[in-house]
Amino acid sequence: RPSNWTVHTPLHYILISKLSILFENKTFLRLAFCLISIFMPILFYEFLKIKYPNVSNKLLLIFASSILLLPSFRSAAIWANNHMTALIFFLLTTLFYLKWKKKLNNGTNDFKLVFFQTIFLALAVYTRQYYALFFFYFLFIYFEKLDIKNFLIISAFISFLTIPGFFLIYLDPALIKTTFDTNFSNTILVSSSIISFYM
């Protein structure tokens with residue numbers, strides 16, 4: 001059951017518990033998670049190659065590798081944070097989406113890629129529930145790009161994937177609550193420091 005400080009869906013914690021069977025030592029567990037996190041820049045590189053086919057692969061590799069410099073990436077990788085797991089699943093969602101979109105532009109509709117998108121997006125949601133908002137975007141795209149039969153099939157599949165989510169919300173309604181820090185001086189200081197770093 002999530003605490004007041006980690007009100008997130010449980011998939012990440014389930015995966016970590018399975019890893020902890022292999023790596024009983026916390027240091028080895030974190031090292032294993034750190035190595036798994038290396039897939040994120042690789043996935044981002046694959047994403048960029050599809051999105052920007054006319055840009056040099058060397059430039060794309062440098063840009064994708066710049067993720068390794070971000071403090072948020074390094075801390076999430078070292079501390080085995082659920083944010084990293086959710087991002088990996090979301091990058092896989094986006095990667096399959098771009099492959100599907102590329103095929104659509106070439107006149108073919110590879111419907112199985114839509115299933116991969118929804119499966120990995122569901123995994124991202126069951127890692128961090130905030131990603132559920134992306135389902136609205138994807139459903140809109142599917143409504144535009146798919147015929148009515150395939151749209152109804154994918155809508156039914158998405159509905160099936162939501163069943164565990166409703167069960168989790170029933171067990172812990174706090175999962176759908178959003179909390180805000182009412183101390184605006186903290187918010188301003190933290191947000192301005194993050195913006196300054198990226199600028």
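Here are a few notes on the predicted model above, going from the overall fold to one helix.

1. Ground rules. Residues are numbered from 1 along each chain as its sequence is written, and side-chain values use heavy atoms, with hydrogens and water left out. As this is a predicted model, local features need pLDDT of at least 70 and side-chain atom pairs count only at pLDDT 80 or more, while totals for chains, interfaces and linings use all residues.

2. Overall make-up. You'll find 10 helices and 0 strands in the protein (DSSP runs, numbered from the N terminus: H or I of at least four residues for helices, E of at least two for strands). Of its 199 residues, 36% are buried (under 20% relative accessible area with a 1.4 Å probe, protein chains only; exposed is over 50%, partly exposed in between).

3. The core. The largest nonpolar core has 50 residues, and Met84, Trp100 and Tyr142 touch the most other members. Such a core is a set of buried Ala, Val, Leu, Ile, Met, Phe, Trp, Tyr and Cys residues joined through side-chain atoms within 4.5 Å. Helix α6 (residues 82-105) gives the largest share of this core, 12 residues.

4. Trp100 up close. Leaving aside neighbours within four places in sequence, Trp100 is in contact with several residues, including Leu113, Ile141 and Tyr142 (contact means heavy atoms within 4.5 Å).

5. Helix α8. Which residues of α8 are buried? They are Phe135, Phe138, Ile141 and Tyr142. These cover an arc of only 125° around the axis, so they sit on the same side of α8 (the arc is that of the directions from the helix axis to the C-beta atoms). On the other side of α8, Leu133, Phe136 and Phe143 are exposed.
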